[in-house]
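Here are my notes on this model for someone who has not looked at it before. The points are numbered so that they can be taken one at a time.

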Amino acid sequence: MKIVAFAGSSSSTSINRELVKFVLQSFPNNKINLLDLNNFEMPLFSVDKEKNGFPPQAHQFLTAINEADIIICSMAEHNRNFTAAFKNIFDWCSRINEKVFQNKKMFLMSKSPGGFGGGNSMALAQKNFPAFGADIVESFSLPKFYENFDLKNGIINSDLLKELNDKIANFKQQIN
């Protein structure tokens, strides 16, 4: 199975990326393409710039989605919304193909350093991604990242780890 994975953040110290990498350990023997949003940096989307054509990075992002069987992502949250980096990629890609996620099954996650676990970006994604071709099979939100996650060991809160493992198992069952 081919997996495309990404964190909705361009931070070099992205905690969403750490969560994605931790979850990807549950998918051994699969071909994994872990995207870095920094490789898809483009001009700020506008209809005026669109008239000059689409940046190659937008086509590359869509190609990565197209080549995958499933998507695993963790959405970062800035000011109760998606990050500017993700939103810009999403805006460009959706103008090329409205079904950005190309009807792929998705494991959607979010996290935050606070207690809400990126709930705003999660809610936005759950509401809007299906209209853009995401088949969200399972979702998981990790609150209080620095209390519940260790960079060496992953999720250290046993209740949250059990919840995540149950959701991963359900996701795997649904994609087979």
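Notes on the predicted model

1. Strand E4 (residues 104-111) and E5 run parallel and are joined by 8 bridges. One of the residues involved is Met-109, whose bridge partner in E5 is Phe-140. The model is a predicted one, and the points below should be read with that in mind.

2. E4 and E5 belong to an open sheet of 5 strands, paired in parallel and ordered E2-E1-E3-E4-E5. Which strands stand at the edges? They are strand E2 (31-35) and strand E5 (134-142); each has a single partner strand, so one side of each lacks a neighbour in the sheet. From one strand to the next, the twist averages 15°.

3. Helix H7 (residues 158-175) lies across strand E3 (70-75), E4 and E5. Relative to E5, H7 runs at about 170°. Angles over 145 degrees count as roughly antiparallel.

4. Helix H3 (residues 56-67) packs against helix H4 (residues 84-96) at an angle of about 80°, and their axes are 9 Å apart. H3 is therefore roughly perpendicular to H4. On the H3 side the contact is made by Ala-58, His-59, Phe-61 and Leu-62, and on the H4 side by Ile-89, Trp-92, Cys-93 and Ile-96. Sorted by class, this contact has 7 nonpolar residues, 1 polar and no charged ones.

5. Is helix H1 (residues 15-24) buried or exposed? Of its 10 residues, 7 are buried, so H1 is largely enclosed by the rest of the structure. The buried residues are Ile-15, Asn-16, Leu-19, Val-20, Phe-22, Val-23 and Leu-24. An α-helix has 3.6 residues a turn, so residues three or four places apart point the same way.

6. The N-terminal end of H1 is capped by Ser-14. A side-chain oxygen of Ser-14 lies 3.2 Å from the backbone nitrogen of Asn-16, and Asn-16 is itself among the buried residues of H1.

7. Asn-148 deserves a separate entry. Asn-148 is found in helix H6 (residues 145-148). Its relative accessible area is 9%; buried means under 20%, so Asn-148 counts as buried.

8. What does the side chain of Asn-148 reach? It comes to 2.8 Å from the backbone oxygen of Pro-143. Leaving aside residues up to four places away in sequence, Asn-148 touches Leu-142, Pro-143, Gly-154, Ile-155, Ile-156, Asn-157 and Leu-160.

Conventions:
Residues numbered from 1 in each chain as written. Predicted model: local features only at pLDDT ≥ 70, side-chain atom pairs only at ≥ 80, totals over all residues. Heavy atoms only, no water. Helix = DSSP H or I, 4+ residues; strand = E, 2+ residues; numbered from the N terminus. Buried < 20%, exposed > 50% of the residue type's maximum accessible area, 1.4 Å probe, protein only. Polar contact = N/O pair within 3.5 Å; in protein donor to acceptor, adjacent residues only side chain to side chain. Contact = heavy atoms within 4.5 Å. Axes fitted to C-alpha atoms, helices over the stretch in contact; angles between N-to-C directions. Parallel < 35°, antiparallel > 145°, perpendicular 65-115°, else oblique. Nonpolar A, V, L, I, M, F, W, Y, C, P; charged D, E, K, R; others polar. Pairing = 2+ DSSP bridges.
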